[in-house]
Amino acid sequence: MRFFSADTNAQKVEMLKGIPIFHKLTRKEILEVDELLYERVYEKDEIVFEEGDPGHGVFIVVSGRLRANPTHESLRTALLDIGPGESVGELALFDEGPRGATVVAMERTVTVALFQAEFSTLLTKNKSIGIKVLIELARILSRRARQLMQHEKHLPTL
Amino acid sequence: MRPFPQPGAATLLVVILSTCLLLLLFQKMIWLVLPVLLALMLYYSLCPVVDALVVRGMRRETAAKAVCLLQMIVAASLLVLVLLFLAKAGTWQNSFGRYLAGGQNLLRMTTGSLERVVPVFKKMNLGAQIDERVRQFTGGFVEKHLLPITLQLLVWLPSLLLVPYITYFMLTDSARLKKYIIKSVPNAFFEKALLLFSHLDASLQNYFQGLFVLTFLDAACLALGLSVLGIAHAVWLGLAAAVLAWVPYLGSIVGCIIVVLVAATDFPEQPWTAYACLVLFLGVRILDDFVFMPLTIGRKLRVHPLLSVLMLFLGATVAGATGLVFALPLFGVLAVIGETVSQVVTDRRLRARYRASRQLAASYGRV
């Protein structure tokens, strides 16, 4: 018996499995991760987070679209729209540095958020899930770094 | 982990008022408050055990069930012990009288010695005066104080059976409960509220786990010291005194009095044994404050000493014995919650974002 029933269903599992960060996880693992995710709905033009805010987690778009508005010139050309399955704010999982851009919902957008505390829980309590998620996050971050380096020609490709 | 935020003046006032109101409420429903508080302590202490079982491949619910089953066996054993103890009411009433007499004897010997050393005390007739006061207090002590407490315990016992039940649901559903609470927080405050919630949760966990380790260390030191002094049932007395110390200030004093009474009764001709017990308690108290506490609890809920005393008086005035016991822990927790909430709702940027979100939601007809 549970007081707070898990609102997980097959459709939700499929939806989460479609997100690159989680696509390597099994159904059982997805259910475990789902317990740690926070679902949020943003209206069109609603701010998700602002540049300079201390960041604590990553937001993954389930449906709808977000737009990042960085003030930094080099970032402006690299990252703009974040659609379903894509994520924003991954670096905040690893440090508490300020957000690099203001992110706004371009339409009614459903997101799931994974925060530092829950991510740490995942890494310590279920290492197999933690490693899979960590590898996917590393892939996303390295892809972003490469994109950035392609735009900024003076930066060497590492 | 960051230290707890310290509340501002306005928040502090609200927190003090809320504490008093809640203490009044607690007094009315102590039968429910006690098991919930114990369950909370057990939840935070058993969490690492459940997590360790989960890491080893057990499902969280199965791990929680296993841990709670073990906890229920321990609780049932304790219940049987208490019932057996109560069944011997006639015997322990007599024993209690014997221990009180032992204490009075020690007091008489101590005041006698003092009168011999300091003649002023003899002129003041200190020994006779103290003896009279003590006789007045202890005359019919069992009927006046002990029987009502025992009857109250009997009323509470069934409600204590709720403890494993509540702990089980906390162990299995805490993540969902957190999600459920956070769901009600508006988007603008969501990230900050979640962060503060996580800090509060982690700090409470540290506090309760530290409290259990501290109790173990206290009990071990006291048991060892009492064994060396040759006191009977040293382990049980040490454990009882360490658990009593959960009640701020008052608990330590009661624990010390019990042990001194036992020593004074078991060694009526050797008052130095009782004095040694007193010194042992003081020693453990000093060890506790300067070594064990920083090592175990460390980041416990910090309350200013002046506020601690004020809250103890307020608690006792508002809710009697219940208030005295719960005033400080409740105040500590409410101070953290109050400051956390005030930090979130007084952030101008977040408030502006919240207003904008409300306007947007209204314009889309979602309010």
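In this predicted model, 18 residues of chain A are in contact with 24 residues of chain B. The model has an ipTM of 0.78 and a pTM of 0.72.

**Side of chain A that touches chain B**
- Three elements of chain A each supply at least two residues to this side: β1 (38–42), β2 (47–49) and α4 (116–125).
- The element that gives the most is β1(A), with 3 residues.
- By residue class, this side of chain A has 9 nonpolar, 7 charged and 2 polar residues.

**Helix pair in chain B**
- Helix α9 (residues 187–229) of chain B packs with helix α14 (residues 348–363) of chain B at an angle of about 140 degrees, and their axes are 7 Å apart.
- Angles over 145 degrees count as roughly antiparallel and 65 to 115 as roughly perpendicular, so α9(B) is oblique to α14(B).
- From α9(B), the contact uses B:Asn187, B:Ala188, B:Phe189 and B:Lys192.
- From α14(B), the contact uses B:Leu350, B:Arg353, B:Tyr354 and B:Ser357.
- The residues of this contact between α9(B) and α14(B) comprise 4 nonpolar, 2 polar and 2 charged.

**Confidence in chain B**
- The average pLDDT of chain B is 80, and 90% of the residues score at least 70.
- Confidence in chain B is highest in helix α10 (residues 234–244), at a mean of 89.
- Confidence in chain B is lowest in helix α7 (residues 141–160), at a mean of 71.
- Where pLDDT is low, predicted coordinates should not be read in detail.

Notes:
Residues are numbered from 1 along each chain as its sequence is written. Chains are lettered from A and ligands numbered from 1 in the order in which they are written. This is a predicted model: local features need pLDDT of at least 70, side-chain atom pairs count only at pLDDT 80 or more; totals for chains, interfaces and linings use all residues. Two residues are in contact if their C-beta atoms, placed from the backbone, lie within 7 Å. Helices (H or I, at least four residues) and strands (E, at least two) are DSSP runs, numbered from the N terminus. Ala, Val, Leu, Ile, Met, Phe, Trp, Tyr, Cys and Pro count as nonpolar, Asp, Glu, Lys and Arg as charged, and the others, Gly among them, as polar. Axes are lines fitted to C-alpha atoms, for helices over the stretch in contact, and angles run from 0 to 180 degrees between N-to-C directions. Angles under 35 degrees count as roughly parallel, over 145 as roughly antiparallel, 65 to 115 as roughly perpendicular and the rest as oblique. pLDDT is the predictor's confidence in each residue, from 0 to 100.
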